[in-house]
Amino acid sequence: MHDHRKLGRELNLFDTDPLIGAGLPYWLPDGAAVRHVLEEYIRDVERRAGYRHVYSPVLGKRELYEISGHWAHYSDDMYPPMDVGGEQLVLRPSLCPHHALIFRSRAHSYRELPLRVAELGGMYRSELSGVLGGLTRVRAIQLNDAHIFCTLEQVAGETRAALELIRRAYGALGIHPARYRLSLPGPGGKYVADPDMWRRAGELLTEVLDSVGVEYEAVEGEAAFYGPKIDVQIADGAGREATLSTVQVDFHQPRQFDLRYTGPDGTGHRPVMVHRSIIGSVERAVAHLIEVHGGAFPAWLAPVQLVALPISEAEVPAATALVRQCVDRGLRAELAGPEGGTLGARIRDARLVPYQAVIGSREMADGRVALRLRDGRRIDPLPAAEVLARVLALTSGHSLDLWDAGASPG
Ligand SMILES: [Zn+2]
């Protein structure tokens, strides 16, 4: 596997500047394109699965985190509060408290549950500069987060559904879990003291893991401070593990924020909060994608999906027209003209681009496109409209295949 820090710079995906600070990478246009597509994919998957998206601010008052329990159990990872006109504001270490307040702001009936609130939002971790690097150890994190407010009876089904979303996303992204981990509290950790709550939540997650039939390891000392979780672990080239995706059961924050819904009996009931993330932080997900694919992203994620290569100056107008057609249809396409060197040199430069369209005099004359695929395959010349239709069918379906030889034209 590759080192995403080295490759990320070489491929102009992201970089850092000492003046911005360690652990605060910025995204260059090609990296931003990958991130944007990934975020849109996640939002789309969530919309289809019944999630509603919100935006909430990255700051909150210190009291908010005192109520949620972060202040008592998680302050080592939080930035110091900022004094603003007598109030103390904190850069948020998680999105849960904001989503709990969003739930609390409106009355809810049991008929609305499960209520799935999702946000791709910023959160902040006060890491020491010595441990920072690339996209994996950062101080500002864009989290793919969601909180499902539901009844106790709905927890298992929602957890199973979240695991299924994770499985499908990994399939589309071409990544594989290193293992599933049932993360339990351990001795000496800063956990909310409520043995009965921990036991019930742990049983629920165990039941789900057993019912979906994945192998997992129970590990002590890895739980969130408010509850146990299922973590989907990934590994880098050196075998170092990190958590990418997670599903957590939380009885604590609903109680802290006094969340209620009206049950069929007309009285107030406490919902359970299921916290879940499909791809974890956008930073860590993209770092892993860079390492796994060596920069050769699945075609639907690639910063440039198609490059048009006119053999000589005479074919530049035809190649430009093809790029225009691609961009109009929603593909990310670029022209690599003769000023970029010999055709061989330009093909080498475009080796990570999934689709390379070489335009010579013959192609120009009959409006056809001879496609070279990134994996070395060559496709017989086809009408441009058919090439586009096939590429679009594959990319909009989030396929890992570059070509579907059996597809019917159009
Ligand atoms: Zn949460």
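**Entry 1: a helix pair to start with**

I began with two helices and noted that α6 passes α7 in a right-handed crossing. The contact uses Val155, Ala156, Thr159, Arg160 and Leu163 on the α6 side, and Leu204, Leu205, Glu207, Val208 and Val212 on the α7 side. I then looked up the geometry: the axes of α6 and α7 (residues 195–212) come within 10 Å and cross at roughly 50°. The two helices are therefore oblique to each other. A reminder to myself that this is a predicted model.

**Entry 2: the overall picture**

I stepped back to the whole protein and found 13 helices and 20 strands. The C-alpha trace spans about 75 × 50 × 40 Å along its principal axes. There are 410 residues, and 38% of them count as buried. I also checked the contacts with a separation of 6 or more: 70% of them join residues 24 or more positions apart.

**Entry 3: domains and core**

The domain assignment gave me domain 1 (4–293) and domain 2 (306–396). I took the centres of the two domains over C-alpha atoms, and they are 41 Å apart.

Next I asked myself which residues have the most contacts inside the largest nonpolar core. They are Leu38, Val274, Val286, Leu306, Ala308, Leu309 and Ala357, in a core of 90 residues. Helix α6 (residues 155–173), my friend from the opening entry, gives the most to this core, with 7 residues.

Leaving aside neighbours within four places in sequence, Ala357 is in contact with Leu306, Ala308, Leu309, Leu322, Val369 and Leu371. Of these partners, Leu306, Ala308 and Leu309 are also on the list of residues with the most contacts inside the core.

I picked α2 (residues 29–48) and α9 (residues 282–293), whose axes come within 11 Å and cross at roughly 115°. Angles from 65 to 115 degrees count as roughly perpendicular, and α2 and α9 are therefore roughly perpendicular to each other. Here too the crossing is right-handed, with α2 passing α9. Val34, Arg35, Leu38 and Glu39 in α2 meet Val282, Ala285 and Val286 in α9.

The peptide bond from Leu113 to Pro114 is cis, with omega near -5°. Pro114 sits in the loop between α5 (96–104) and β7 (115–124).

Asn12 is not a glycine, yet has a positive phi of about 55°. I found Asn12 in the loop between α1 (4–10) and β1 (14–15). Is Asn12 buried or exposed? Asn12 is exposed, with 12 other C-beta atoms within 10 Å.

Asp258 also has a positive phi, of about 50°, and its place is the loop between α8 (252–256) and β13 (261–262). Asp258 has 11 C-beta neighbours inside 10 Å, so I logged Asp258 as exposed.

With 14 C-beta neighbours inside 10 Å, Ala385 counts as partly exposed. Its C-alpha atom is 41 Å from that of Ala235, which is 150 residues away along the chain.

Notes. Residues are numbered from 1 along each chain as its sequence is written. This is a predicted model: local features need pLDDT of at least 70, side-chain atom pairs count only at pLDDT 80 or more; totals for chains, interfaces and linings use all residues. Helices (H or I, at least four residues) and strands (E, at least two) are DSSP runs, numbered from the N terminus. A residue is buried if 20 or more other C-beta atoms lie within 10 Å of its own, exposed if 12 or fewer, and partly exposed in between; C-beta atoms are placed from the backbone. Two residues are in contact if their C-beta atoms, placed from the backbone, lie within 7 Å. Domain bounds come from an automatic or database domain assignment. A nonpolar core is a set of buried Ala, Val, Leu, Ile, Met, Phe, Trp, Tyr and Cys residues joined through C-beta atoms within 7 Å. Axes are lines fitted to C-alpha atoms, for helices over the stretch in contact, and angles run from 0 to 180 degrees between N-to-C directions. Angles under 35 degrees count as roughly parallel, over 145 as roughly antiparallel, 65 to 115 as roughly perpendicular and the rest as oblique. A crossing is left-handed if the near helix is turned anticlockwise from the far one by less than a right angle, and right-handed if clockwise.
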